[in-house]
Amino acid sequence: MVPPFCRLALLSMTHEQLPLLVRVAENAAHRLKELAEQRGWLHAQNGSGNAIEILGPVASPIPRIKNRYRFQCIIKSKGEADLSSLMAEAMKEFDTVSKEQDVWFNVDIDPQMMM
């Protein structure tokens, strides 16, 4: 018997202005949901075992470091869904936002700490 487990990805975002960061974080979470939906992974009920759940965005446990606010999303995969490819595709899209608005993005697959 296989124990229940899941894979995680932590998407962290930082910026000096809280209102802008909140807006970007909400847009990023929405886009992640769209990408997962396109792959058929969002709330998969077809027995494929590729369900992905996106939690957040929420303020990080330490909400501000060095005058930069921090938000995060947690992406849970309860099956064979490829989190690495999903996050790589998302980061390509977020690269434009990062350059234009100076929002820093960081992805950690299977994080050891959620801070």
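User: What's the bridge partner of R7 in β3?
Analyst: R7 pairs with S77 there. Strands here are DSSP E runs of at least two residues, and helices are H or I runs of at least four, numbered from the N terminus. Keep in mind that this is a predicted model, where local features need pLDDT of at least 70, side-chain atom pairs count only at pLDDT 80 or more, and totals for chains, interfaces and linings use all residues. Residues are numbered from 1 along each chain as its sequence is written, and side-chain values use heavy atoms, with hydrogens and water left out.

User: How many bridges join β1 to β3?
Analyst: Nine, with β1 (residues 7-15) running antiparallel to β3; two strands pair if DSSP finds at least two bridges between them.

User: And how many for β2 and β3?
Analyst: Eight, antiparallel again, with β2 covering residues 52-65. L55 sits opposite I74 of β3. Two residues lie between the strands in that hairpin, and K66 has a positive phi near 50 degrees.

User: How many residues of β3 are buried?
Analyst: Eight of the 10 in β3 (residues 68-77), where buried means under 20% relative accessible area with a 1.4 Å probe, protein chains only.

User: Switching to helices: at what angle do α1 and α2 pack?
Analyst: About 155 degrees, with the axes of α1 (residues 18-38) and α2 (residues 83-101) 10 Å apart. Axes are lines fitted to C-alpha atoms over the stretch in contact, and angles run from 0 to 180 degrees between N-to-C directions. That makes α1 roughly antiparallel to α2 (over 145 degrees).

How values were computed
Angles under 35 degrees count as roughly parallel, over 145 as roughly antiparallel, 65 to 115 as roughly perpendicular and the rest as oblique. Buried means under 20% relative accessible area, exposed over 50%, partly exposed in between (1.4 Å probe, protein chains only).
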